[in-house]
Amino acid sequence: MLQTVEDQSDGCGGKFSVLVVSEKFAGKTLLQRHRLVNGILEEELKDIHAFSQKTLTPEQWEKQKEQA
């Protein structure tokens with residue numbers, strides 16, 4: 001699993017963007033993927049006012065890297 005976290009909050013700690021690459025996303029819709037991540041981060045998200053996520057399978061990640 002690959003994951004990156006970017007703090008975009010300018011020091012307030014309330015705005016984050018994440019990239020998560022996991023086999024667990026295979027066959028799941030975007031909404032299902034986001035719900036998986038949100039469920040894992042349920043407690044942490046209570047203190048965050050802005051959270052964006054990009055969720056990819058390893059195959060999608062490789063394809064995206066090739067196109068860059």
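Reader: What lines the largest pocket, and which residues lie nearest its centre?

Author: Its lining has 17 residues, of which Gln3, Val20, Val37, Ile40 and Leu41 lie nearest the centre. A pocket here is an open set of points on a 1 Å grid over the protein atoms alone, where a 1.4 Å probe fits, with protein on both sides within 12 Å along at least five of seven lines; lining residues have an atom within 4 Å of a point. Do keep in mind that this is a predicted model, where local features need pLDDT of at least 70 and side-chain atom pairs pLDDT 80 or more, while totals for chains, interfaces and linings use all residues. Residues are numbered from 1 along each chain as its sequence is written, and side-chain values use heavy atoms, without hydrogens and water.

Reader: Why is glutamine 53 called buried?

Author: Its relative accessible area is 14%, and buried means under 20% (exposed is over 50%, partly exposed in between, with a 1.4 Å probe and protein chains only), so glutamine 53 counts as buried.

Reader: What makes lysine 65 and glutamate 62 a salt bridge?

Author: Their closest N and O atoms are 3.2 Å apart. The term asks for a side-chain nitrogen of Lys or Arg within 4 Å of a carboxyl oxygen of Asp or Glu, so this pair qualifies.

Reader: How do you know whether lysine 65 is buried, exposed or partly exposed?

Author: Lysine 65 has a relative accessible area of 43%, so it falls in the partly exposed range. Glutamate 62, at 38%, is partly exposed too.
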